Amino acid sequence: ELPISTGIMLRGISSIALDWGHPVQDPKVQLECLYVFTLGSRVSVEGEDPAQSYLLSRLSFVELLAQAAYFMSKTSSRELIAALEKRTASTLMQYITRVATHMELAVTEKLLIGMLPFVGAIGGASINAIFSDYFMAAARYHFGLLHLEEKYGEEEVRLYYREVSKAGAGGQP
């Protein structure tokens with residue numbers, strides 16, 4: 001059931017990317033869709049700024065994402081599958097491994113909750129709905145910010161983002 005629900009969520013995430021004007025045929029956008037799954041893996045610490053966490057997460061993935069997207073853009077789908085099977089697509093494998101590692105905590109929690117005897121099928125469906133809702137909201141947030149960065153520039157959006165975060169934390173913008 002996990003591969004099916006993950007596939008459905010990935011389809012929803014790519015649909016949101018498309019809604020924000022990001023072409024899902026672009027390898028970079030496809031990798032950004034996978035990146036959304038990493039946004040559900042961190043346990044927030046009380047007092048932690050979610051905006052800062054998001055930006056730090058983005059920064060840690062940006063170089064690897066660019067390298068993986070470049071590799072995908074110059075490789076046909078047949079060559080890409082062959083390279084993945086032979087494990088010669090190191091950049092793409094590193095990216096997928098990082099996404100999988102970040103997603104592991106969220107999936108483990110989902111599986112543990114689903115294994116409780118009293119949860120049953122209704123509980124499992126509820127957990128899938130909660131996960132799906134969360135990742136769709138994360139995708140809207142992520143692709144909305146990417147859209148703003150394309151429109152106004154990455155640095156301008158980050159400056160504004162920091163000002164709004166300060167104001168929300170009780171500081172003056």
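Student: Glu32: buried or exposed?
Tutor: Glu32 is buried, at 7% relative accessible area. Buried means under 20%, exposed over 50%, partly exposed in between (1.4 Å probe, protein chains only). This is a predicted model, where local features need pLDDT of at least 70, side-chain atom pairs need 80 or more, and totals for chains, interfaces and linings use all residues. Numbering starts from 1 along each chain as its sequence is written, and side-chain values use heavy atoms, without hydrogens or water.

Student: Which side chain does Glu32 meet in a salt bridge?
Tutor: Lys28. The N to O distance is 3.4 Å. The rule asks for a Lys or Arg side-chain nitrogen within 4 Å of an Asp or Glu carboxyl oxygen.

Student: Why would they pair at all?
Tutor: Side chains of opposite charge can pair when their charged atoms come close.

Student: Where do Glu32 and Lys28 lie?
Tutor: Both are in helix H2, four residues apart. That spacing is about one turn of the helix. Helices are DSSP runs (H or I, at least four residues), as are strands (E, at least two), numbered from the N terminus.

Student: And Lys28, why does it count as partly exposed?
Tutor: Because its relative accessibility is 38%.

Student: How many salt bridges in total?
Tutor: Two, by this rule. Arg158 and Glu154 form one of them, with their closest N and O atoms 2.9 Å apart.

Student: Which helix holds Arg158 and Glu154?
Tutor: Helix H7, residues 154-168. Arg158 and Glu154 are four residues apart there, about one turn of the helix.

Student: Arg158, buried or exposed?
Tutor: Arg158 is buried, with a relative accessible area of 11%. Glu154 counts as partly exposed, at 40%.

Student: New topic. Which helix is Leu59 in?
Tutor: Helix H3, which covers residues 50-73. Leu59 counts as partly exposed, because its relative accessibility is 45%.

Student: Zoom out. How many helices and strands does the chain have?
Tutor: Seven helices and zero strands. Read from the N terminus, the order is α-α-α-α-α-α-α.

Student: And what share of the chain counts as buried?
Tutor: 36% of the 173 residues.
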